[in-house]
Amino acid sequence: MNAAEVVQFAKDNNVKMVDYKFLDFIGIWQHFTTPVSEFDEDTFEEGIGFDGSSIRGWQPIHNSDMLLIPVPDTAKIDPFPKATTLSLICNIIDPITREGYSRDPRFIASKAEAYLKSTGIGDTAFFGPEPEFFIFDDVRFESTCNQSFYAVDSIEGRWNTGRDEYPNLGYKPRHKEGYFPVAPTDSSIDLRNEMVEVLQSVGMRIEASHHEVASGGQCEIDMRFDSLVSMGDTVQWFKYIIKNVAVRNGKTVTFMPKPIYGDNGSGMHIHSSIWKDGENLFAGDGYGGLSKMAMYYIGGIMKHAKALCAFTNPSTNSYKRLVPGYEAPVNLAYSNRNRSASLRIPVTNAAAAKRVEYRTPDPSCNGYLAFAALLMAGLDGIENKIDPGQPLDKDIYGLSPEELKDIPCVAKSLEDALECLQADHDFLLKGDVFTLDVIEKWIEYKTEAEVNPVRMRPVPEEFNLYYDI
């Protein structure tokens, strides 16, 4: 839709409110709402001013004025407010220069798409993420100077087999055995179906939904792949809808990678491919049915994987999931079918479906930044013909230390990832996609707001280990 069509769409749907959504630097959707009487075609040209200093990682207070510019083709009816509400995703621009704001994640993603076209390598990069999440019945946490705790609970948590539930009916998945059981063990089928229906109501194409491996309500809903910026938009709608459907059913959802100890964490495997003139350039006659270009793409991701972790696994909690020998793939190897490798080539006979699946990322990431960074790493591999070496078709989890010693790993902590990003970011600067200011601010914010507070705070397990020394 163009601006005029959006205004007509609002009239046709008897819209009462207009909601403007945008993503902060770290990855949380922000919004504000105006009555529809304040909305017309000029809004798309003039924009709406706001205070950029109040957004995490953005402007200083002495230079805080910014503009929101709504994007017409993102117009949807928001399924949650009582008053009929038109929702628009916005770009952020400087009110003086009228240029895109360098720290706006959506702008960074759009520059990555533009850079791909400028190289002549391809014209479209497709991404298909698989975000996993937990549905809990209750969550409580507190962290003060003299105490800290967290507690999550789920009616289907294995830890509740002995709880008096008046009556306790059992049917609670065993740890690591939650993959695909039918109801009543899968207690969330009706809730997931409702989530799918609401996701479809905003135009999202959903391919499947199911219970995931962990006990305690872990689920996955798979969406159809899309181009980079559009998929960034879709991931934000996905998280928004999943959380709000859960809340209206008295549940709570988290996309934290590792909320439960001793069971599988939540990943976000990302499938990607590059196309040109309607042709999938990753299809070929090489290993796994991939082209030489796809192999170089894999080589680029493997070369820059540790730095990429700063964007694909950007929380301290991410590294509770990325532990060698457990369920998350941390070894930088590629393989056909092998899910213990960090890069998998899904089995398919269709040329259009040939793609690379990167299994290390998790859903705490900012989709726009993660997809853009992955594309830039892959393009660096293609441009520099980076050979990924030989595939590894063994079960990596079963390899001996001697066999593992020459296989590189992803970053071991957020601090490690940020240090790697500091040392390896030139590939992100090409085409001015990620600016040096963005890289420096990301490292600064993550270090000061997340790494240091977690590093300095005692945790309950330390009392268990050390109180009596």
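**Close-up views of a predicted model**

**Figure 1. Contact between helix 6 and helix 10.** Lys306, Ala307, Cys309, Ala310 and Phe311 of helix 6 meet Ala417, Leu418, Cys420 and Leu421 of helix 10. By class, the residues of this contact comprise eight nonpolar, no polar and one charged. The model shown in this and the following views is predicted. Helix 6 covers residues 292–312 and helix 10 covers residues 414–423; their axes lie 7 Å apart, and the packing angle is about 120 degrees. Angles of 65 to 115 degrees count as roughly perpendicular and those over 145 as roughly antiparallel; helix 6 and helix 10 are therefore oblique to each other. The crossing of helix 6 past helix 10 is left-handed.

**Figure 2. Strand 6 and its pairing partners.** Strand 6 spans residues 85–93, and eight of its nine residues are buried, so the strand is largely enclosed by the rest of the structure. Strand 1 (residues 17–23) pairs with strand 6 in the parallel sense, over five bridges. In this pairing, Lys21 stands opposite Ile89 of strand 6. Strand 4 and strand 6 run antiparallel and are joined by four bridges. Here the bridge partner of Pro70 is Cys90 in strand 6. Strand 5 (residues 76–77) also runs antiparallel to strand 6, with two bridges joining them. Ile77 has Leu86 of strand 6 as its bridge partner.

**Figure 3. Strand 3 beside strand 4.** Strand 3 comprises residues 48–51 and has two faces: Ile48 and Phe50 make up the covered face, whereas Gly49 and Asp51 make up the uncovered one. Strand 3 pairs with strand 4 (residues 65–70) in the antiparallel sense, over four bridges. Asp51, which belongs to the uncovered face, has Asp65 of strand 4 as its bridge partner. Strand 4 is in turn joined to strand 6 by four bridges, again in an antiparallel arrangement.

Figure 4. Asp222 lies in strand 11, which covers residues 218–223. The relative accessible area of Asp222 is 12%, and buried means under 20%, so Asp222 is buried. Apart from its neighbours within four places in sequence, Asp222 is in contact with Glu130, Arg205, Ile206, Glu207, Ala208 and His210. Gly278 stands 56 residues from Asp222 in sequence, and the C-alpha to C-alpha separation of these two residues is 24 Å.

Figure 5. With neighbours within four places in sequence left aside, the contacts of Thr348 are Ala353, Lys354 and Arg355.

Figure 6. Most residues other than glycine have a negative phi, and most peptide bonds are trans. Tyr166, in the loop between strand 9 and helix 4, has a phi near 55 degrees, a positive value in a residue other than glycine. The peptide bond from Tyr166 to Pro167 is cis, with omega near 0 degrees. Pro167 is likewise found in the loop between strand 9 (148–153) and helix 4 (189–201). Exposed means over 50% relative accessible area; Tyr166, at 71%, therefore counts as exposed.

Figure 7. Lys176 is placed in the loop between strand 9 and helix 4. Phi of Lys176 is near 65 degrees, a positive value in a residue other than glycine. With a relative accessible area of 41%, Lys176 is partly exposed. Pro184 is also placed in the loop between strand 9 and helix 4. The peptide bond that leads from Ala183 to Pro184 is cis, and its omega is near 10 degrees.

Methods. Residues numbered from 1 in each chain as written. Predicted model: local features only at pLDDT ≥ 70, side-chain atom pairs only at ≥ 80, totals over all residues. Heavy atoms only, no water. Buried < 20%, exposed > 50% of the residue type's maximum accessible area, 1.4 Å probe, protein only. Pairing = 2+ DSSP bridges. Axes fitted to C-alpha atoms, helices over the stretch in contact; angles between N-to-C directions. Parallel < 35°, antiparallel > 145°, perpendicular 65-115°, else oblique. Left-handed = near helix turned anticlockwise from the far one by under 90°. Contact = heavy atoms within 4.5 Å. Nonpolar A, V, L, I, M, F, W, Y, C, P; charged D, E, K, R; others polar.
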